[in-house]
Amino acid sequence: MEEKQFNFDLIKGFLCICVVIGHCTKTVPNGIIQIIYWFHMPCFFILSGWFLKAPENIFSWIKNKIIRIWIPQIVWFFLLFFINGRLCKKNLLYFICGARNLGGVWWYVPTLFLSMLMFIIMEKYFSKYYMAVLAVIYLFVCADYYFFIPKIDRNKLPFSIGVAMLAFIYVSLGHYLKAYWTEMNMANFVGRLLKNQNMIEYERVKLSVICIVTFIVLYKMGIYKYHMNMAGMKLGAVLWNLIIPFSAMTILLYISTQIKELCGLRKKIEIFGRNSLMIMYLHKFVLNDIIEPILGVEGYVWIINVLLTLLICYVTCILISRNVILCKCLGGRSIL
């Protein structure tokens with residue numbers, strides 16, 4: 001399958017919807033939120049790794065990222081914290097130190113930036129030993145979580161260092177396994193191993209679906225309670241933290257090649273994907289500070305809350321896209 005066939009905007013749009021649902025923590029059944037947490041943020045980092053290439057000049061790359069992700073982070077922080085009355089010296093200090101203590105989505109950009117920078121450094125200076133580097137860092141992250149996390153407040157670590165190391169693994173996963181998903185190398189290799197020269201992406205999708213469904217069934221039956229939350233640094237078993245996001249990404253990539261119109265919703269979901277950074281900041285303010293106080297959080301009203309939040313975010317993105325300056329300052333891009 002050629003890379004150009006994948007609809008990455010559709011995938012990111014779907015993940016944005018999952019983010020919105022995941023922040024309806026007062027009303028959405030906990031099981032749904034837990035399942036969303038298994039894959040939605042890891043998949044964002046996997047996609048970041050997919051398109052990441054080691055630049056010739058690292059300082060030019062840093063300059064580009066300041067424009068693309070840090071300026072929107074700063075503008076949204078001052079805008080939203082001024083509106084909800086939380087703009088103070090304490091929160092400003094938290095923001096400067098990496099925003100972990102602010103909660104919400106503010107951890108994402110520092111984590112994304114640091115994880116991509118770690119990957120670029122690895123590619124530039126340790127590319128021959130990347131497997132060893134990844135193994136050591138991932139084992140350190142797991143050991144850190146299982147043995148030391150009860151003794152250390154991770155919110156006090158600057159720039160989400162603990163989360164960034166885990167995100168670095170997902171960024172690397174997206175970069176190095178891109179060939180598997182695009183069938184350049186791994187399909188033939190796995191096919192030979194299984195003595196099946198006609199192995200196609202459908203077979204791998206079936207395995208991924210079986211994996212995800214099995215975990216959901218085990219979770220719902222109470223047999224195995226797998227927990228994963230990147231923002232809260234809550235990890236499950238060592239292998240499952242890799243296998244579940246990998247399986248979810250495989251399924252999403254395949255679905256993105258099959259969906260044509262989706263009852264006219266495809267293009268609207270793609271707009272969420274193209275403006276994922278704006279949605280990331282805007283949705284929580286709209287949902288928690290506007291919609292939920294008005295409509296409440298009882299019963300299945302969360303579905304209405306999510307739909308209204310998505311509608312407001314959609315209209316806002318359309319309006320912002322009409323102004324190049326606003327688009328750059330709030331979304332890190334020039335056009336919709």
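**Labels and their grounds**

Modeller: In this predicted model, Phe-78 is partly exposed, with a relative accessible area of 38%.

Biologist: Why is Phe-78 called partly exposed?

Modeller: Buried requires under 20% and exposed requires over 50%. Phe-78 has 38%, and therefore counts as partly exposed. Phe-78 belongs to helix 3. Apart from residues up to four places away in sequence, Phe-78 touches Leu-87 and Leu-92.

Biologist: What makes helix 3 and helix 15 roughly perpendicular?

Modeller: Helix 3 (residues 58–83) and helix 15 (residues 324–331) pack at about 90°. The range for roughly perpendicular is 65 to 115 degrees, so the label applies to helix 3 and helix 15. Their axes are 6 Å apart. Helix 3 contributes Ile-67, Arg-68, Ile-71, Pro-72, Val-75 and Trp-76 to the contact, while helix 15 contributes Lys-328, Cys-329, Leu-330 and Gly-331. By class, the residues in this contact of helix 3 with helix 15 are 7 nonpolar, 1 polar and 2 charged.

Biologist: Why is His-283 called buried?

Modeller: The relative accessible area of His-283 is 0%, and the limit for buried is under 20%, so His-283 is buried. His-283 is located in helix 13. Beyond its neighbours within four places in sequence, His-283 is in contact with Val-19, Val-20, His-23, Val-105, Thr-309 and Cys-313. Although 178 residues separate His-283 from Val-105 along the chain, their C-alpha atoms are 9.8 Å apart.

Biologist: What makes the pairing of His-283 with His-23 a polar contact?

Modeller: The two side chains of His-283 and His-23 approach to 2.6 Å, and the cut-off for such a contact is a pair of N or O atoms within 3.5 Å. A polar side-chain atom of His-283 also lies 2.8 Å from the backbone oxygen of Ile-279.

Biologist: How do you know that Glu-292 is buried?

Modeller: Glu-292 has 7% relative accessibility, under the limit of 20%, and therefore counts as buried. Glu-292 is part of helix 13 (residues 276–295). Its side chain forms a polar contact of 3.1 Å with that of Asn-288. With neighbours within four places set aside, Glu-292 is in contact with Cys-24, Leu-287, Val-297 and Asn-305.

Biologist: Which residues touch the most other members of the largest nonpolar core?

Modeller: They are Trp-38, Phe-45, Trp-106, Tyr-108, Met-230 and Met-249, in a core of 99 residues. Helix 2 (residues 30–51) gives the most to this core, with 13 residues.

Biologist: How many helices and strands does the protein have?

Modeller: The protein has 15 helices and 0 strands. Of its 336 residues, 49% count as buried.

Definitions and conventions. Residues numbered from 1 in each chain as written. Predicted model: local features only at pLDDT ≥ 70, side-chain atom pairs only at ≥ 80, totals over all residues. Heavy atoms only, no water. Helix = DSSP H or I, 4+ residues; strand = E, 2+ residues; numbered from the N terminus. Buried < 20%, exposed > 50% of the residue type's maximum accessible area, 1.4 Å probe, protein only. Polar contact = N/O pair within 3.5 Å; in protein donor to acceptor, adjacent residues only side chain to side chain. Contact = heavy atoms within 4.5 Å. Core = buried A, V, L, I, M, F, W, Y, C linked by side-chain atoms within 4.5 Å. Axes fitted to C-alpha atoms, helices over the stretch in contact; angles between N-to-C directions. Parallel < 35°, antiparallel > 145°, perpendicular 65-115°, else oblique. Nonpolar A, V, L, I, M, F, W, Y, C, P; charged D, E, K, R; others polar.
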